[in-house]
Amino acid sequence: MAQSIDKSKNVDLTDDELENNSKGELIKRAGQLRDRRNELNQKASERASTRDELNAKTREKVDEAQHHREKRDELNNKVQEHKQKRNELNAEANELFSKVDETKSELDLDDGESLDQLEEEIEQLEFRQQTEVLSSEDERELIEKIEEKRDQYQNRKEKLDQGGDIEELREEAKEIRSEASTHHQKVTELADKAQEHHNQMIAAYREADDIRDEADEAHERFVEAQESADRHHEDFVRVQKRLRELDKEEEKERRDERAQKREEARAEAEDIYQKFKEGETLDTEDLMKLQKSGLL
């Protein structure tokens with residue numbers, strides 16, 4: 001930032017100096033005022049340029065902040081869209097899961113193993129029967145257990161068949177819940193990006209405020225230099241006006257002096273002419289005065 005003006009270099013002019021100083025002194029003072037005025041105008045111009053550059057940077061930062069604001073708002077709108085879709089899908093999935101639970105409750109399928117679990121247990125038991133050497137009693141117990149599991153499997157399968165499309169409903173609900181999760185992920189991603197743009201917007205506005213403060217200070221410095229330059233210019237104009245007045249006074253004095261000399265010469269010539277008419281002898285100088293006055 002530019003330093004304050006060195007006031008010790010300023011040129012002062014009092015009314016008394018303006019009125020009473022000699023023409024030579026006033027010409028010198030006019031030159032000093034003009035030079036200081038020009039110097040201050042140069043400083044004012046430089047400070048105005050600095051101010052304008054800072055104002056331009058302020059506008060750039062404000063534009064940058066506005067860009068991030070628009071991106072943030074755009075992303076937030078998308079967040080709301082995905083949130084709405086996610087909520088709709090979750091509601092739809094919850095409704096389907098509720099139907100599955102209701103159906104399972106009606107068919108008494110809430111407890112017990114699933115068909116896949118039962119089928120796997122049956123295969124393991126049958127493999128054991130085929131591969132292990134068992135006593136008659138152990139083999140009988142194993143066969144009974146296999147039959148028991150087959151009965152459980154068949155019973156559960158019949159109930160599921162009664163329930164119609166319960167597995168299809170469950171799979172559909174899972175697919176919808178998965179789609180809802182995808183939208184939730186988009187919500188998170190877009191919200192993070194929106195927050196980034198929000199943070200960048202805040203940072204840009206803060207930078208704009210800081211630069212604007214610098215621009216305001218630069219403007220104050222410009223005003224300080226310009227007002228001082230204007231004051232020197234006004235005093236310079238006052239001196240110029242006073243010099244013109246002195247020139248007019250001198251010119252008037254010269255005219256008056258010339259008129260007085262002409263009058264005196266005319267009077268002297270008339271005296272000489274009177275002597276000439278009275279017959280007095282005139283010398284060469286007197287004759288030249290008569291010729292110059294036009295009386296001869």
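User: Is Arg262 buried or exposed, and what is its relative accessible area?
Analyst: Good place to start! This is a predicted model, in which local features need pLDDT of at least 70, side-chain atom pairs count only at pLDDT 80 or more, and totals for chains, interfaces and linings use all residues. Residues are numbered from 1 along each chain as its sequence is written, and side-chain values use heavy atoms, with hydrogens and water left out. Buried means under 20% relative accessible area, exposed over 50%, and partly exposed in between (1.4 Å probe, protein chains only), so Arg262 is exposed, with a relative accessible area of 54%.

User: Which helix holds Arg262?
Analyst: Helices here are DSSP runs (H or I, at least four residues), and strands are runs of E with at least two; both are numbered from the N terminus. By that numbering, the place of Arg262 is in helix H5.

User: Where does Glu278 lie, and is it buried or exposed?
Analyst: Glu278 lies in the loop between H5 and helix H6, which covers residues 284-293. Its relative accessible area is 54%, so Glu278 counts as exposed.

User: Which residues form the negative surface patch?
Analyst: A patch is made of residues with over 30% relative accessible area and no salt bridge, where like charges are joined within 9 Å and nonpolar side chains (Val, Leu, Ile, Met, Phe, Trp, Tyr) within 5 Å. Asp and Glu count as negative, Lys and Arg as positive, while His and the chain ends are not counted. Here the negative patch is formed by Glu88, Glu92, Glu95, Glu168, Glu172, Glu175 and Glu179.

User: Which helix gives the largest share of the negative patch?
Analyst: Two elements give two or more residues to the negative patch: helix H2 (23-106) and helix H5 (166-277). The largest share, four residues, comes from H5.

User: What is the relative accessible area of Glu88?
Analyst: Glu88 is found in helix H2. Glu88 is partly exposed, because its relative accessible area is 42%.

User: How far apart are the C-alpha atoms of Arg29 and Val239?
Analyst: Arg29 is found in helix H2 and is buried, because its relative accessibility is 18%. Val239 is one of the residues of the largest nonpolar core. Although Arg29 and Val239 are 210 residues apart along the chain, their C-alpha atoms are separated by 7.8 Å.

User: How many salt bridges does the structure hold?
Analyst: A salt bridge is a side-chain nitrogen of Lys or Arg within 4 Å of a carboxyl oxygen of Asp or Glu. By that rule, the number of salt bridges in the structure is 33.

User: What is the N to O distance in the salt bridge of Arg238 and Asp235?
Analyst: Both residues lie in helix H5, three residues apart, or about one turn of the helix. Arg238 is partly exposed at 28% relative accessibility, whereas Asp235 is buried at 7%. Their side chains meet at an N to O distance of 3.1 Å.

User: What is the N to O distance between Glu270 and Arg266 in their salt bridge?
Analyst: Glu270 and Arg266 are four residues apart in helix H5, so about one helical turn separates them. Glu270 is partly exposed at 41%, and Arg266 is partly exposed at 35%. The N to O distance in their salt bridge is 3.4 Å.

Technical notes:
Accessible areas come from the Shrake-Rupley method with a 1.4 Å probe; for residues, only the protein chains shown count as cover. The place of a charge is taken as NZ of Lys, CZ of Arg, CG of Asp or CD of Glu. A nonpolar core is a set of buried Ala, Val, Leu, Ile, Met, Phe, Trp, Tyr and Cys residues joined through side-chain atoms within 4.5 Å.
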